Amino acid sequence: MKLSKVVNVFHTGVSVYLSLGSLLPSIHNKILVGWIPCVFVSWLLDDNKCLLTRIEHHFLKKEDKKDINYEGFVSKKLKSLNIELNEKEIDNILVIILLHSFLQSYKNIIL
């Protein structure tokens with residue numbers, strides 16, 4: 001299996017965990033309350049680009065020996081489902097999902 005595919009599968013798993021991890025037992029809520037702000041700040045500091053997407057693109061360039069167009073992880077997944085959204089709409093959706101997951105995890109810790 002190509003390294004870019006491994007990173008993509010890992011990125012998918014991390015995305016699902018960040019989105020739905022608050023539904024898991026309480027230890028996961030504690031992890032998410034610390035991890036979600038770190039992911040969000042990293043994403044904001046890198047001009048709304050994810051580190052895992054950059055790593056995947058690095059391996060894609062090495063494997064294909066050509067330049068690739070930068071396409072976000074979520075936009076690529078949505079296009080595979082024939083859903084067309086612009087980057088601003090995707091960014092807004094991601095912020096809402098991360099904020100909801102953070103607040104749900106925080107609530108689960110407090111209550």
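**Close-up 1. F102 and Y106 in helix α5.** Helix α5 spans residues 87–110 and holds both F102 and Y106. Four residues separate the two in this predicted model, about one turn of the helix. Their ring centres lie 6.3 Å apart. The ring planes meet at 15 degrees, so the pair counts as stacked, the class for planes under 30 degrees apart. F102 is partly exposed, with a relative accessible area of 24%. Y106 is partly exposed too, at 45%.

**Close-up 2. F40 and W43 in helix α2.** By the ring-centre rule, the model has three aromatic pairs. One of them joins F40 and W43: the ring centres are 5.9 Å apart and the planes stand at 35 degrees, so this pair is tilted. Both residues belong to helix α2, which covers residues 26–45. They sit three residues apart, about one turn of the helix. Is W43 buried or exposed? W43 has 11% relative accessibility and counts as buried, because the limit for that class is under 20%. F40, in contrast, is partly exposed, with a relative accessible area of 26%.

**Close-up 3. Helices α1 and α3 side by side.** Two packed helices are described by the angle between their axes and the distance between the axes. Helix α1 runs over residues 3–20. Helix α3 takes in residues 51–64. How far apart are the axes of α1 and α3? The distance is 8 Å, and the packing angle is about 165 degrees. That angle makes the two helices roughly antiparallel, because angles over 145 degrees fall in that class. Their crossing is left-handed.

**Close-up 4. Residues where α1 meets α3.** Which residues of α1 take part in this contact? They are L3, S4, V7, N8, F10, H11 and V14. On the α3 side, the partners are L52, T53, I55, E56, F59, L60 and E63. Sorted by class, the contact has eight nonpolar residues, four polar ones and two charged ones.

Close-up 5. H57 lies in helix α3. Is H57 buried or exposed? H57 has a relative accessibility of 7%, so this residue counts as buried. Setting aside residues up to four places away in sequence, H57 touches I68, N69, Y70 and E71.

Key
Residues numbered from 1 in each chain as written. Predicted model: local features only at pLDDT ≥ 70, side-chain atom pairs only at ≥ 80, totals over all residues. Heavy atoms only, no water. Buried < 20%, exposed > 50% of the residue type's maximum accessible area, 1.4 Å probe, protein only. Contact = heavy atoms within 4.5 Å. Axes fitted to C-alpha atoms, helices over the stretch in contact; angles between N-to-C directions. Parallel < 35°, antiparallel > 145°, perpendicular 65-115°, else oblique. Left-handed = near helix turned anticlockwise from the far one by under 90°. Nonpolar A, V, L, I, M, F, W, Y, C, P; charged D, E, K, R; others polar. Phe/Tyr/Trp six-rings, centres within 6.5 Å; stacked < 30°, edge-to-face > 60°.
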